[in-house]
Amino acid sequence: MSNIPTELRYASTHEWVRPDGDGVFTVGISDHAQSLLGDMVFVELPEIGSEVGSGDDVAVAESVKAASDVYAPISGEIVAVNEELEDSPELVNSDAYGDGWLFKIKAEDPEEVNALLDAEAYEGNIEE
Amino acid sequence: MPNKTALHALHLASGAKMVDFHGWEMPINYGSQIEEHHAVRQGAGMFDVSHMTIVDITGNQAQAYLRFLLANDVAKLQDKGKALYSGMLNETGGVVDDLIVYYFDVTNYRLVVNSATREKDMNWLNSQASDFDVTITERPEFAMIAVQGPDAKAKAAKLFSAAQVESVADMKPFYGVQAEDLFIATTGYTGEAGYEIMVPVDDAADFWQKLLDAGVVPCGLGARDTLRLEAGMNLYGQDMDETISPLAANMGWTITWEPSDRNFVGRSALEQQKAQGTEKLVGLVMTDKGVLRAGQKVKVAGGEGVITSGSFSPTLGHSIAMARVPASVEADAEVEIRKKWVTVKVVKPSFVRNGKSVL
């Protein structure tokens, strides 16, 4: 069974979103997604300062098995990326919701997050 | 319903993620294929290869049959137990399958062929046998376990009887011996020392469990693929198939041309291919970020080719691949990765041996 924390919001494309306050949101990929991809070997992250729209492909999670686009779940500005992943991409596998985070977005409209899936809806989504 | 090996329940007990592999439900990994890969390079890992097909060829004309069937020449096998790698070709010089043949005497050989091609191979073996006095016998009563890595032999030996230890003492690479209930061979698909062991199906689970208890790490098909790629070993269906000449698949060394009067299936087509020239299989090395993948386009001096196998190399820490390209290839190539062209280095298709880079 996949681990799907109830306090997070999810995109149907398997990104999770956590509010950090002040309109900033941390984004990563779900436990389900990392498990499908298998051992991560490279993570290509967006440029800090870049403006992204929801649904844009902004990062690439590349595992032994496949390369997978990661999409911005909300619109805004990239304000931080997880530099640790440069040397330790396996953090995405070992701690998908913690040390394996990918980037932070300063939301254009924090209300946009409410349109994302909650844990229950995401679980239904991946069981289909 | 996919087939299951005798070790299926033990795979699940070890937390394996199972996949359908050409009709067999097999472990792809037990958590992390990279950790499994390192276990084989640095210690000892094991693979359930019971899905592979074991076929015994016996009879008065066993040698003559195999000299006709295979592009490599079994007449080279003079020592009891010695093994040979060969392609089995069709009339147009394409590869029906690649296999290992063990020699016991001129009336008695054992083949190990791929599982994905089992039915095709059995039909082919039988169809080529009509003019020969041979008996072709599949041996599904054996499971097969590959124990590989620098510590593999020592750990496997803990399970052997005194007589079995004696039988494998001083056995060189690429030999096999029937030792009591086990057939033990110094072969593998990883570029490491180790054994491939055929064990009666009923004893297989117990044998696997004892290897687990001895600290041998269970490894899935994922690690098997990255290990064989690092070792520069072909995967049938990917690096070659019925439409590909062995000369274009780095299998030229497995073709025995002399004596020139030995007729084998595909010989005349192969001679023509050789005279005309073929593409060649090369290794690619990319130290930049990103991963080379099968199917990506390759541009080299004199034309275009394709990556046949590509992955991240856990041992080297960057991506490697095998690619079939025009023979005019020079020291560099361009590969199209996710719509960008990237320059990579061209090398011989061999990357890691005995735990170390050979680049």
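Mentor: Happy to! Let's start with one pair of residues: B:Ala185 has B:Glu196 as its bridge partner in β12(B). Keep in mind that this is a predicted model. B:Ala185 takes us to strand β11 of chain B, residues 182-185, which pairs with β12(B) in the antiparallel sense over three bridges.

Now look for another neighbour of β12(B). Strand β9 of chain B, residues 142-148, is joined to β12(B) by seven bridges, and these two strands also run antiparallel. To find your place in that pairing, look for B:Val147, which stands opposite B:Tyr195 in β12(B).

What about burial? Strand β12 of chain B covers residues 194-200, and six of its seven residues are buried, so the strand is largely enclosed by the rest of the structure.

Let's step back to the chain around the strand. Chain B contains nine helices and 21 strands. Its radius of gyration is 20 Å, close to the 21 Å that the globule rule gives for 359 residues, so chain B is as compact as a globular protein of that length. Across those 359 residues, 56% are buried. Contacts also reach along the sequence: of those in chain B between residues at least 6 apart, 66% join residues at least 24 apart.

Conventions:
Residues numbered from 1 in each chain as written. Chains lettered and ligands numbered in written order. Predicted model: local features only at pLDDT ≥ 70, side-chain atom pairs only at ≥ 80, totals over all residues. Heavy atoms only, no water. Helix = DSSP H or I, 4+ residues; strand = E, 2+ residues; numbered from the N terminus. Rg over C-alpha atoms; globule rule 2.2 N^0.38 Å. Buried < 20%, exposed > 50% of the residue type's maximum accessible area, 1.4 Å probe, protein only. Contact = heavy atoms within 4.5 Å. Pairing = 2+ DSSP bridges.
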